[in-house]
Number of protein chains: 2
Amino acid sequence: MHHSDLAFCPIGIFDSGVGGLTVMRQVMKALPHEDIVYFGDTARLPYGNKGQETVMRYCLENVSFLLEKKVKMVIVACNTATAFALDHLRQSFSIPILGVIESGAQKAVENTKTGCIAVLGTRGTIQSGAYQKALQQADPYLTVVPISCPLFVPLVEEGMGEHPATEMIIREYLRELRDYPVDTILLGCTHYPLLYHQIQTIVGNEITLVDSATTCAGKVAELLQYETLMNNQGNSLPQYQYYVSDDPVKFQELGERVFGHYLEQVGLQV
Amino acid sequence: MHHSDLAFCPIGIFDSGVGGLTVMRQVMKALPHEDIVYFGDTARLPYGNKGQETVMRYCLENVSFLLEKKVKMVIVACNTATAFALDHLRQSFSIPILGVIESGAQKAVENTKTGCIAVLGTRGTIQSGAYQKALQQADPYLTVVPISCPLFVPLVEEGMGEHPATEMIIREYLRELRDYPVDTILLGCTHYPLLYHQIQTIVGNEITLVDSATTCAGKVAELLQYETLMNNQGNSLPQYQYYVSDDPVKFQELGERVFGHYLEQVGLQV
């Protein structure tokens, strides 16, 4: 394929489930002319509590599937997958592959004045140390406070974000913040933007929340520009395709109810 | 193989993860001379929020794996898997296969005096209607109150069973019980026995909790007796083998920390 034709190819995004829709939404906003193919590996979700070998194997399969759909680049819209598999994916495939960690870490480093940043994530993401590494690569003098919040995803998916039990669990997880001069909290999981306001209310306005979905979309635009892969055909409506590995109706229902993301057409890919 | 040799073969148990250990423990107690091979499909857990087709496919693979280990019977120690796949498994394989639903339902029917039984389970189990069907087959005049409790599993696995947020969530899920003369609650998920005391305290002692792990072990003993497959070699120590599809160390850690189940040796089966 000619490089100029490649620009008309879609962007591929994958996640273990619906969470990556928060990333997709930001990409849709930042790059309104791009076609997107989204893959949610719902038959094997969640990734956050699984081991590195397993998650790496799943990610290889997911990227191979997106390549069949002729994507020009891939966004790993899952923090655990980025933490465990990004390097390996970049070694295995020749197209550009972006994760959700670097850009979020960079934004957090730009924001902090106290030099003390907290990272919230699933157990897998936190245990991988990927955010801690990315932050300390940007600035070795930072203090990083990593906090596993494994109940946030199920609470969000149950639509219980506003429930007092959720507030209680947020307070519990964030209790140790009191011991540090944290001024920046990095939301290291694609579901956590749905708890943005609850977390902000609990920690107070002196602390800035950085959401890696938004920062990642900015990186995607930069990358496409740099690689001259941007689709500048402003006169056609973009096409959005969705595929999942488990029941499409469940995905549609959860995506619309919890993420408010209209899902026209979801295909099954086993 | 001669039928008499078959009696020395192990019992196979599978679950999506660690939950089936509550069933295994009851089988170990009821049948202390039986070898057991346990398979936890941890690379693809949980099953409770996945679709029927997907769960059926996973279950076929799990039983095939146990057959390679020469098991003489299989216990489907997962309520969602029983609900979605038991009939299909029985059609596909010739060895005896037991699930965790029928025996629990039978015990609950024997217990109720008001004729009103509540069933707690994951969304998959409840939506399948399998308990409702099993209960109403036993007694068509019963009133069944099915309640999805999808947060119980993550709360238990986080070791937050004793946390006030968990109590709040239990109260929330069980609120609708007040509208019914329920005298029996069926715990339709292998994790829920770990919330036994919390639930009992909240609902009060007039309500009986029935745990399908215990009732299932009774059924296994009956079946082995009936099929003359019981291992009566009282003089040898039983062997317990564990296999998982994701990181064995994670399984070991969770099994020991949350379930208090000593796990000597866990193999990886991808």
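The dialogue below reads a few features of this predicted model.

Q: Which way do the side chains of strand β7 of chain A point, and are they buried or exposed?
A: Take the residues of the strand one by one. In β7 of chain A, residues 184-187, A:Thr184 and A:Leu186 point one way, while A:Ile185 and A:Leu187 point the other way. All of them are buried, and buried means under 20% relative accessible area.

Q: Which strands pair with β7(A), and in what sense?
A: Look at both sides of the strand. Strand β5 of chain A (residues 116-121) pairs with β7(A) in the parallel sense over four bridges. A:Leu120 stands opposite A:Leu187 there. Strand β8 of chain A (residues 208-211) also pairs with β7(A) in the parallel sense, over four bridges, and here A:Leu187 stands opposite A:Asp211.

Q: How many residues does each chain give to the contact, and what area is buried between chain B and chain A?
A: Count residues, then look at area. Chain B gives 32 residues and chain A gives 32 residues. The buried area is about 2,400 Å², with 58% of it from carbon and sulfur atoms. On the side of chain B, the residues that lose the most area to chain A are B:Leu151, B:Glu158 and B:Met168, together 19% of what that side buries.

Q: How many salt bridges are there between chain B and chain A?
A: Side chains of opposite charge can pair when their charged atoms come close. Between chain B and chain A the count is two. One joins A:Arg123 and B:Glu158 at 2.8 Å, N to O. In another, A:Glu158 meets B:Arg123, at 2.8 Å, N to O. A:Glu158 lies in the loop between α8 and α9 of chain A and B:Arg123 lies in helix α6 of chain B, so this pair joins two chains. B:Arg123 is partly exposed, with a relative accessible area of 29%.

Q: Where in chain B do B:Glu61 and B:Arg44 lie?
A: Compare positions along the chain. The side chains of B:Glu61 and B:Arg44 meet in a salt bridge (2.8 Å, N to O). B:Glu61 is in helix α3 of chain B and B:Arg44 is in the loop between β2 and α3, 17 residues apart. B:Glu61 is partly exposed at 40% relative accessible area, whereas B:Arg44 is buried at 14%.

Methods:
Residues numbered from 1 in each chain as written. Chains lettered and ligands numbered in written order. Predicted model: local features only at pLDDT ≥ 70, side-chain atom pairs only at ≥ 80, totals over all residues. Heavy atoms only, no water. Buried < 20%, exposed > 50% of the residue type's maximum accessible area, 1.4 Å probe, protein only. Pairing = 2+ DSSP bridges. Contact = heavy atoms within 4.5 Å. Buried area = accessible area lost by both parts, 1.4 Å probe. Salt bridge = Lys/Arg side-chain N within 4 Å of Asp/Glu carboxyl O.
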